[in-house]
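Please keep the sequence and the model in view while reading.

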Amino acid sequence: MPAEKVLLTADDIRRALTRIAHEVVERNRGVEGLVFVGLLTRGVPLARRLAERIREFEGAAVPVGALDITLYRDDLSARQKPVVRGTDVPVDLADKRVILVDDVLFTGRSIRAALDAVMDLGRPQSVQLAVLVDRGHRELPVRPDYVGKNVPSSRTEDIQVRLQEVDGKDEVVLTRSEE
Amino acid sequence: MRAVQTREQPQAVLPRRHILDLNDFTREEIETVFRTTDGMKEILTRQIKKVPTLRGKTVLTLFYEASTRTRVSFEQAGKILGADVINLTTSTSSVVKGESLVDTGRTLQAVRADVIVIRHASAGAPYLLAQHLQCSVVNAGDGAHAHPTQALLDLYTIREKLGRIEGLKVAIVGDILYSRVARSNLWGLSTMGARVVLCGPPPLLPAGFPPPADAVVAGGPALPPVTVETDVDRALDGADVVMALRIQHERMKGGLLPSMTEYARRYQVTEERMARAKPGALVLHPGPMNEGVEISPDVAHGTQSVIQEQVTNGVAVRMALLYLLCAREA
């Protein structure tokens, strides 16, 4: 078992999401036209939690969608491929303010794929990006608008976000790869 | 490096280069096709139904026999996934100058086709091609032998509508002798746990059918367990799914049936006969239909018919297969 170091506890995650939820409403001056679109797998529960927070303090419902970027990746032949799971975005994205939600921002390639996937669903007025962890090492010009925590990391380290809905508990851990 | 990011994601792997028949498909492989198809169906519902997944891949359809839905469906599947699709019609190709199948295949491989989809009147033609080529070969129908992508879309449609395949009674009615659809479905349905009843007039049932339970071919069973029934009412009794097959005039070399009228009277799938099947039973037909021969128009276009859904699902299933074949190339 490689050694694990806890970067964010359940309380840290809760506070970070509450702050991001407030930042989203402040930056967009309300919730008019907002849509959260989570990247499968763990971006989706994060997007739902952000919408839930906003409902609590603004009393308004922000729609939440799920985006599968598998078919938009740029490395189809380069690795084992994940299952195609299907996108489920319940609203028309035309002229909406879309906020992409993902757990970890790393090279930026997933977000590049997500931008293509979103554009195929409609022409949003704008697209913003919220991530729980930004670990650096960008390979593309991608910049998040909302960040839970910046974690300077080495490429041989692995950062795992665990969420109640998927993994049974909330935490972000750093593991050093054994190679 | 990328593996670090995606380590925990489930993998969709079809451990084969070619799709020739379903006789050696495992249940897990069929489930993988189903899951991938679920994801592909959503794309068909979009306003802009196009994704860039297979950009730079070439799918080539090589049809030595007529086809509407299979060829169009492969072309549509490839194009929606962003592949380039080339359709070769043999009547305007060097095939008319006598070029052999293998030479044609080598030529198509040399122009860098990634997947060749072939339909041929001779059973085994796709196997011959697969032996000689490095690219993927998909059997889109070879003689009376196999039509695996049709069977997969039939299986998918049944699962989608009834929620399962395991334990269902499926009656396949009509021209069993010449039906590659029936042969591939027989393997797929029994692998997924359905009970298959084949029904047709004796001249349209293969000789020596069913084979003895212990018959083997090349180490495997010659056929999955199957019941044969010449009485259509008994075949349909309590069925969950009724699959009507086309009477294939073009393959019949005379004298097998006294007349189409006689066949229709004895074996046509009608509303009256459907009353023997379970309430809500599905009606499938691989098309093209001879309405009024193997199926009555009111059944073909009635509420139990899923014939149009089969065509739509055919596109999604072929998208899944092209994706799984192309993505396995490292």
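Two strands count as paired if DSSP finds at least two bridges between them. Helices (H or I, at least four residues) and strands (E, at least two) are DSSP runs, numbered from the N terminus. The model is predicted: local features need a pLDDT of at least 70, side-chain atom pairs count only at pLDDT 80 or more, and totals for chains, interfaces and linings use all residues. Residues are numbered from 1 along each chain as its sequence is written, while chains are lettered from A and ligands numbered from 1 in the order in which they are written.

**Confidence**

- The pLDDT is the predictor's confidence in each residue, from 0 to 100; its mean for chain B is 90, with 92% of the residues at 70 or more.
- Residues 1-9 of chain B have a pLDDT below 50.
- For the complex, the predictor gives an ipTM of 0.76 and a pTM of 0.87.

**The sheet of chain B**

- An open sheet is formed by five strands of chain B in the order β9-β6-β5-β10-β11, with parallel pairing.
- Strands β9 (227-229) and β11 (282-284) of chain B are at the edges and have a single partner strand each, so one side of each lacks a neighbour in the sheet.
- Three bridges join β6 (residues 195-199) of chain B to β9(B) in the parallel sense; B:Val197 has B:Thr227 in β9(B) as its bridge partner.
- Helix α7 (residues 180-191) of chain B packs on the sheet and touches β5 (169-173) and β6 of chain B. Two residues are in contact if their C-beta atoms, placed from the backbone, lie within 7 Å.

**The two domains of chain B**

- Chain B is divided into domain 1 (2-145 + 311-328) and domain 2 (148-307), with bounds from an automatic or database domain assignment.
- The C-alpha centres of domain 1 and domain 2 of chain B are 25 Å apart.
- Contacts link 26 residues of domain 1 of chain B with 22 residues of domain 2 of chain B.

**Residue B:Cys326**

- B:Cys326 lies in helix α12 (residues 307-328) of chain B.
- B:Cys326 counts as buried because it has 23 C-beta neighbours inside 10 Å. A residue is buried if 20 or more other C-beta atoms lie within 10 Å of its own, exposed if 12 or fewer, and partly exposed in between, with C-beta atoms placed from the backbone.
- Leaving aside residues up to four places away in sequence, B:Cys326 touches B:Leu54, B:Lys57, B:Asp114 and B:Val115.

Key:
Axes are lines fitted to C-alpha atoms, for helices over the stretch in contact, and angles run from 0 to 180 degrees between N-to-C directions.
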